[in-house]
Amino acid sequence: MVDLALNHKSQTKPKDLAENMAQFVEIVLGNPLIRRILNFCTNRCDSCGRRIDLCLKKYVGYRVRMCSKCKISYFIIKTVLDHVINSIDLPRDDIETNLRNPMWRKGLSSVLEGIAKFGPKKPFTSNSPFLIVWNVTKVCNLHCKHCYESAGFPPSDELNRREALRAVDKMAKAGLAYIALSGGEPLMRKDIWDIAERIRKNEMALSIATNATLLNKKTAKRLKNLDCSFVQVSLDGAKASTHNKFRGVKVFKKTINGIRNAVDAGLCVGISTTVTKFNYEEIPKIIDLSEKLGAEIFMHYNFIPVGRGTEIAKFDITPDQREKLLNMMAKQIGKRKISLLSTAPQYGRVCSHFSALSLTHFDTVSQMREFKDSVKFLGEFVGGCGTGRLYCALDYNGDITPCVFIPIKVGNIKKDDLLDVWHNSTVFHQIRDREGFKGLCGTCKYRNICGGCRARALGYYNDITQSDPGCIFNKKEWLKIIAK
Ligand code: SF4
Ligand code: SF4
Ligand SMILES: [Zn+2]
């Protein structure tokens with residue numbers, strides 16, 4: 001399953017970090033001179049590499065070798081950063097601590113490069129994907145009803161070890177901050193540890209999405225030693241019968257044990273549940289169970305009719321049910337230990353009514369009542385559905401797709417340049433142009449904060465630019481679909 005949550009163990013509190021980021025980016029966006037400077041400083045250097053990343057590294061005290069042009073850039077970047085930090089009294093220590101974390105530093109580099117490349121738009125597009133969810137294998141030990149990969153059997157064209165390691169290096173070179181391993185079941189790949197180690201060696205954050213049945217104590221410890229940011233486990237029911245019905249085998253106990261092993265190893269664990277009519281009523285109980293097990297995140301997975309999921313499309317929940325679910329979750333943000341996330345981009349809209357911020361698949365920032373303006377700004381800047389702007393996917397055979405739920409090939413990592421695909425693919429351009437969306441999603445006042453799920457648009461209309469029929473505003477469209 002796709003897994004996008006960020007590590008919740010950042011040194012700075014999410015509220016502060018979001019506020020700092022919002023203020024910082026707002027200043028950069030609002031100042032034409034800073035933007036012009038950025039154009040120069042974000043060029044990649046033939047001899048030194050990613051200039052902006054090097055400058056940020058040097059800014060927080062790393063020894064970095066630079067050519068004379070990069071040295072000039074550093075001087076400019078330092079002056080700008082000092083000015084911004086001092087003028088709005090940002091906590092320098094917190095900013096520096098975050099910049100020492102490669103994931104945050106690369107993320108900020110992508111934001112700044114993105115502003116230089118694509119302009120100061122809301123929602124914004126990063127210069128390279130911030131994150132890639134990589135279905136490293138199609139092989140799985142289970143046979144789930146809703147699997148988007150229709151996983152089960154080993155394909156002949158899966159990237160081999162050498163190709164997979166090269167793919168990691170290519171993603172690092174493009175400037176990615178984070179690779180989320182998914183599948184199939186990633187732990188079924190014999191060389192998964194080589195891949196994971198290569199990701200960490202390239203200073204990218206790593207997470208893994210698993211059914212947890214192979215997550216024994218030793219495996220959990222190994223992931224912890226690799227500083228894996230996040231382990232996402234799919235759980236479809238609060239009781240064995242519901243979960244097993246989905247999974248096709250009796251694995252509930254094994255899954256729970258796997259979750260316990262990961263929590264015991266000190267890993268940040270997220271429970272993800274694809275919500276359908278099969279388990280809709282059980283969601284509050286699944287959230288309670290997740291919290292009881294020590295998970296830090298509960299993630300509602302929006303059902304998408306793709307892969308094997310097309311066979312159970314009639315069990316998709318209604319727009320009313322989705323709205324109720326999202327409200328139930330948003331109301332609880334900040335009031336319980338567990339973070340409540342959703343892959344439904346409408347969560348951005350719903351959260352905004354509670355003065356909370358949903359970074360869609362990434363994170364929620366709660367209790368932000370006192371920061372209402374920044375919340376709105378950051379919500380629109382990050383912008384709901386992240387496909388083609390912040391994130392894309394890589395399939396087991398190296399095919400690059402906009403999202404794990406969007407089976408449209410836009411390139412292949414073996415032969416194509418990732419940045420070239422990211423910058424020039426027609427599909428990505430279509431996805432980024434929210435004003436060009438058809439139906440309500442094209443005119444909706446929440447377009448920037450949400451954008452509708454492009455995968456659901458494709459799944460239900462075979463058109464990536466159509467409206468998301470799962471939204472409460474599109475109820476009429478939904479009724480037409482189910483009447484067919
Ligand atoms: S109409 Fe589209 S953009 Fe507006 S809230 Fe609904 S899904 Fe989001
Ligand atoms: S299309 Fe967008 S909202 Fe839908 S699953 Fe993909 S990233 Fe999420
Ligand atoms: Zn240089």
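## About the model

This is a predicted model, in which local features need pLDDT of at least 70, side-chain atom pairs count only at pLDDT 80 or more, and totals for chains, interfaces and linings use all residues. Residues are numbered from 1 along each chain as its sequence is written, while chains are lettered from A and ligands numbered from 1 in the order in which they are written.

## Around the two ligands

Ligand 1 has 15 residues around it, with Cys441, Cys444, Cys450, Gly452 and Cys471 the closest. To be near a molecule, a residue needs its C-beta atom, placed from the backbone, within 6 Å of it. Sorted by class, the shell of ligand 1 holds seven nonpolar, five polar and three charged residues. Here Ala, Val, Leu, Ile, Met, Phe, Trp, Tyr, Cys and Pro count as nonpolar, Asp, Glu, Lys and Arg as charged, and the others, Gly among them, as polar.

For ligand 2 there are twelve surrounding residues, and the closest are Cys385, Thr387, Cys403, Cys453 and Ala455. Its shell splits into seven nonpolar, four polar and one charged.

## Helices H2 and H4

H2 (residues 32–41) packs on H4 (residues 68–87) at about 150°, the axes being 10 Å apart. Helices are DSSP runs (H or I, at least four residues) and strands likewise (E, at least two), numbered from the N terminus. Axes are lines fitted to C-alpha atoms, for helices over the stretch in contact, and angles run from 0 to 180 degrees between N-to-C directions.

On the H2 side, Ile34, Ile37, Phe40 and Cys41 make the contact, and on the H4 side Ser73, Ile76, Ile77 and Val80 do; contact takes C-beta atoms, placed from the backbone, within 7 Å. That gives seven nonpolar residues, one polar and no charged.

## Helices H7 and H8

The axes of H7 (residues 161–174) and H8 (residues 192–201) come within 9 Å and cross at roughly 20°. That is why H7 is roughly parallel to H8 (angles under 35 degrees count as such).

Arg161, Ala164, Leu165 and Val168 of H7 meet Asp194, Ile195, Arg198 and Ile199 of H8. In this contact, five residues are nonpolar, none polar and three charged.

## The sheet

Ten strands make up an open, mixed sheet, ordered S7-S6-S5-S4-S3-S2-S1-S10-S11-S12. Strands pair if DSSP finds at least two bridges between them. At the edges sit S7 (339–342) and S12 (411–412), each pairing on one side only.

Inside the sheet, S4 (residues 230–234) and S5 (residues 269–275) run parallel and are joined by four bridges. Gln232 is opposite Gly270 in S5.

How values were computed:
Parallel < 35°, antiparallel > 145°, perpendicular 65-115°, else oblique. Contact = placed C-beta atoms within 7 Å.
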